[in-house]
Amino acid sequence: PGEMTREASHTRDELIYESGGFAQVLPRDKRECVLALQRSYGVVVGMTGDGVNDAPALSAAQCGIAVDDATDAAKNAAAMILTTEGLSAVFGAVVESRKIFARLFSYVSYRMATTIQILIYLSVLVYAFDCCLDPLYVILLALLNDVTLLPIAEDRQTASAEPEHANIGVVLGFSLCLGAMQSLASLVFYLSMDKGLIDGIAPHDEAGYPRSVHAQNAIWLQVSIAAEFLIFAARAPGLFFLSKPSNELLVSTTLGNIVATLLAIYAFADPLSWSEVGTIWLYDIIVLFVVDFTKMLYKLISNHGGAGIIDEAAIEEENMKMRKPADESEPVVEFAQTVEKHRASVRMIAEGAQAKSRKSGLSKSFIATGNTSRVSQKSFRAPSGAAGAKKSIKVDSLHKMTPGTAARLSTVYK
């Protein structure tokens, strides 16, 4: 009953967390349930409602959802207002919001990774090898990267299976991984230019490290193409070739690389040959696979993105199988299979709740009292009476009780 939520206590909070529902509640009881989950367990709470009595809870929840035919009071208190019947729009909003987060994460991590690459690589060239790159190359590199990355706002992304949070440590670690590998690959290319990758580069032990205009053209083209390819590794939750980008992003990246190639062949002084450009393209494609493998290894070690993704195609296929006929007089196709799937979904929710309960290592009672035993899901301790005697009530039968019967039964379990 709702009256069980009105007296603040640790037992009350655990009852709210473990229970599947409450009956005979007042508006303040709904709000107390929301606040107890937020304060005691630090969870994000969603609340749906349609009436004036739901407004306090809708306002208190992080995500208050007013249904299609809700009152004005409920709509004003909610953070989301559904314009169609049913709750499928909530699922769509969650999926789309996680896609937006994935786009933002891929963009920020890519920008930081390319910045780290340019900073480390150019600094090493200047201070370790006395090779100063012409400022024009740096300007063109930044310009091409900014222009070709505009379509990422419409990129084809996948939604994470679990909620994700903006964590600067995660973003920085992921970007450092990509940027460090890119810098290492560029340094390997620079030190290997005398091995036949670029024409006219004498061995380092004879002529020193390359600093000519021709070498700078090769350095610029290698960094430019590698930076353009990096977005495919940064945006993909798994291997980059298993995650198809949007056509706009693919076309813009390809055009950027073509423009950079043409500039290196026809526009710059002491230009590169087609064979040298082909070698650089092949090298950067190999680097993309190496960086992508390193990204997967980093995610495996750090458990970054370990929740997986939401398979929308599989969900749509399941919905089609379980969809009811348009005419209610028609029988449901494959009725037995449809009922079994509904039952399986209910079992999955129940098992998930039990697993989540077992997963929490330290219970609230241990933090509060030092008691390592968990509070049973079958019973809870009722508030002390005037004489200080403790009472216990079976939770299994609460949904069958009225406040009067609950008061009478409480005397049985003194």
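In this predicted model, helix α6 (residues 135-148) packs with helix α9 (residues 213-235): their axes come within 10 Å and cross at roughly 20 degrees. Helix α6 is therefore roughly parallel to α9. Angles under 35 degrees count as roughly parallel, over 145 as roughly antiparallel, 65 to 115 as roughly perpendicular and the rest as oblique. Axes are lines fitted to C-alpha atoms, for helices over the stretch in contact, and angles run from 0 to 180 degrees between N-to-C directions. Helices (H or I, at least four residues) and strands (E, at least two) are DSSP runs, numbered from the N terminus. The crossing of α6 and α9 is right-handed. A crossing is right-handed if the near helix is turned clockwise from the far one by less than a right angle, and left-handed if anticlockwise.

Contact means heavy atoms within 4.5 Å. On the α6 side, the contact with α9 involves Tyr-137, Leu-140, Leu-141, Leu-144, Asn-145 and Thr-148. On the α9 side it involves Val-213, Gln-216, Asn-217, Trp-220, Val-223, Ser-224, Ala-227 and Glu-228. By class, the residues of this contact are eight nonpolar, five polar and one charged. Ala, Val, Leu, Ile, Met, Phe, Trp, Tyr, Cys and Pro count as nonpolar, Asp, Glu, Lys and Arg as charged, and the others, Gly among them, as polar.

Residues are numbered from 1 along each chain as its sequence is written, and side-chain values use heavy atoms, with hydrogens and water left out. Because the model is predicted, local features need pLDDT of at least 70 and side-chain atom pairs count only at pLDDT 80 or more, while totals for chains, interfaces and linings use all residues.

Helix α9 also packs with helix α11 (residues 274-302), at an angle of about 40 degrees and with the axes 9 Å apart. The two helices are therefore oblique to each other. Their crossing is right-handed. From α9, the contact includes His-214, Ala-218, Leu-221, Gln-222 and Ile-225. From α11, it includes Glu-276, Val-277, Ile-280, Trp-281 and Asp-292. The classes here are 14 nonpolar, two polar and four charged residues.

Two residues of this second contact can be followed further. His-214 sits in helix α9. It is buried, with a relative accessible area of 10%. Buried means under 20% relative accessible area, exposed over 50%, partly exposed in between (1.4 Å probe, protein chains only). A polar atom of the His-214 side chain lies 3.1 Å from the backbone oxygen of Asp-270. Beyond its neighbours within four places in sequence, His-214 is in contact with Ile-198, Asp-199, Asp-270, Pro-271, Leu-272 and Glu-276. Asp-292 belongs to helix α11. Its relative accessible area is 1%, so Asp-292 is buried. Not counting residues up to four places away in sequence, Asp-292 touches Ala-233, Gly-238, Leu-239 and Phe-240.

The loop between α6 and α7 (168-191) holds Ile-152. At 7% relative accessibility, Ile-152 is buried. Ile-152 and Ile-231 are 79 residues apart in sequence, but their C-alpha atoms are 9.3 Å apart in space. Leaving aside neighbours within four places in sequence, Ile-152 is in contact with Arg-103, Ser-106, Tyr-107, Ile-231 and Leu-249. Leu-150 is also in the loop between α6 and α7. Leu-150 is exposed, with a relative accessible area of 63%.

Strand β2 (residues 63-66) contains Cys-63. This residue is partly exposed, with a relative accessible area of 28%. Not counting residues up to four places away in sequence, Cys-63 touches Val-45, Gly-46, Met-47 and Met-80.

Two loop residues have a positive phi without being glycine. Gln-24 has a phi near 55 degrees. It lies in the loop between α1 (10-18) and α2 (27-41). Asp-130 has a phi of about 55 degrees. It is found in the loop between α5 (88-129) and α6.

Overall, the protein chain has 15 helices and five strands. Buried residues make up 37% of its 414 residues. Of the contacts with a separation of 6 or more, 61% join residues 24 or more positions apart.

Methods
Polar contact = N/O pair within 3.5 Å; in protein donor to acceptor, adjacent residues only side chain to side chain.
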